[in-house]
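This briefing concerns pairs of charged side chains. Please examine the sequence and the structure before reading the points below.

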Amino acid sequence: MDLQEILKQLGETFLDWKAIGEVIPKMFAVGLPNTLVLAIASGVIGTVLGMVLALMGISRNPVARWIARVYTDILRGLPPVLTILVIGLGFGPIIRQLSGSTSPYPLAVAALSLMSAAYIGEIFRSGIQSVDKGQLEATRALGFGYGPAMRLVVVPQGVRRVLPALVNQFIALIKESSLVFVLGLLASEREIFQIGKDAASTSGNLSPYVAAAIFYLALTIPLTHFVNWIDRRLRTGRPEKKEPDEAAAVVGKGAQA
Amino acid sequence: MSEFVSGTLTAKNIHLSFGSNRVLRGIDLHVEKGTTASVIGPSGSGKSTLLRVMNRLIEPEQGDILLDGRSVLKDNPDELRRRIGMVFQQFNLFPHKTVAENVSLALRKLRGMSKEQAREDALAQLDLVGLKHKADARPANLSGGQQQRVAIARALAMKPEVMFFDEATSALDPELVKGVLALMTDLAKGGMTMVVVTHEMGFSRNVSDTVTFMDGGVVVETGSPEQLFTEPRTERLKGFLSDVL
């Protein structure tokens, strides 16, 4: 086999434009919406749960701290595919009996949410704990209680600092949403990866995977650049010129903050 | 500077320990309405801790705190702190809010003012400290002296009966100290009740009505500035003064 033949074979395996063209309408109609629903729903739920975990993690109540610690250690320590299978298959029958629904879709969202909550909780906790203690003290000195002081002053600053890490977590979530295929979703519930996988197995050609890859990259690369943009913005702040203090101007030397 | 509705503040026999470290061992401090008490002493003598106990950021283990003759230890501590303004060494302005928002936050959330009313009050307060033109800047774009004046405006906006200053000029570049001290002097002359923990011996001597020298968690000497600065009675105060003057 010479080089030209190898390239030709690879081209046929991965870049069969006809196979790619055939799978794209289904990607747009079914795969993309499902990936977005899975990622956004579990991203939102995971963020809310993550904030609860973070606040428990820094609470003065040792029981709350312990629960947050154990939850985080377990969910972060398991392979995502195992968590999805255990939650999807384990709770499936219970949900089926309670609601009559046979769709594993809600369980897929639940599994992804619970997993990302563990990561997001740690992100929030580190952000909140990095806020200077003087901020809480100054807010309380004005007469705010602990709760309002955290909500109005400390938490917003902590969250702002970890926005890049948070967006990275959303990128991870988009990718991990592909693992829900292990639950055997209905045809209308399949996301980008499984649409590609189905098409690949019926056609015997790997090009649909390439189509799936393009869809994932179209979602994740802009987010990656968004992270970099926020990161830069947070580092340098809005460009604004510092002015010397007028008290200092009398002395004749510009003030440094 | 306008008149203030000031109160008399008394701390009686305050005790506090952090673990085995006895930080405050029976402190008495009395600040008559409309007067300024400065608290001096070496680092680690418990001065800053005393301020935090008197507004109950830290609860004392023993002793009593009276505002206008009435014990405040049974009150809601959040409500007590609304009556006592505090200014910190590191300013502690809220970096994610504008200067005006720093001043108006407590007015809106604790005094229940409308956004417009709170902003108007905040601007008036900023005008008093000479920083109205910085209302929409972020604290990070202000010099240290300007930040501390905003912090003073933020505390004053709540119309406190007493003001605490915790080494308010210690973190400032030397050329910025004067502006902040001038503002504190104006407040003192305007009749605000103030407790000033400071290393500025000039301020302590010339502006305050009483001076209290603390060392090792106890009050070693207290009296008028003349008494303490010209005729210190204890070796410890003599030693301290010869170190700092």
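A salt bridge is a side-chain nitrogen of Lys or Arg within 4 Å of a carboxyl oxygen of Asp or Glu. Side chains of opposite charge can pair when their charged atoms come close. The model is predicted, so local features need pLDDT of at least 70 and side-chain atom pairs count only at pLDDT 80 or more, while totals for chains, interfaces and linings use all residues. Residues are numbered from 1 along each chain as its sequence is written, chains are lettered from A in the order in which they are written, and side-chain values use heavy atoms, with hydrogens and water left out.

**Overall count**

**Pairs within chain A**
- D198(A) and R190(A) form a salt bridge at 2.8 Å, N to O.
- R69(A), D73(A), R76(A), E122(A) and R125(A) are joined into one network by salt bridges that share partners.
- K8(A) and E12(A) form a salt bridge at 3.5 Å, N to O.
- K8(A) is exposed at 56% relative accessibility, whereas E12(A) is partly exposed at 45%.

**A pair between chains**
- R52(B) and E137(A) form a salt bridge at 2.5 Å, N to O.
- R52(B) is buried, with 12% relative accessibility, and E137(A) is partly exposed, with 22%.

Methods
Buried < 20%, exposed > 50% of the residue type's maximum accessible area, 1.4 Å probe, protein only.
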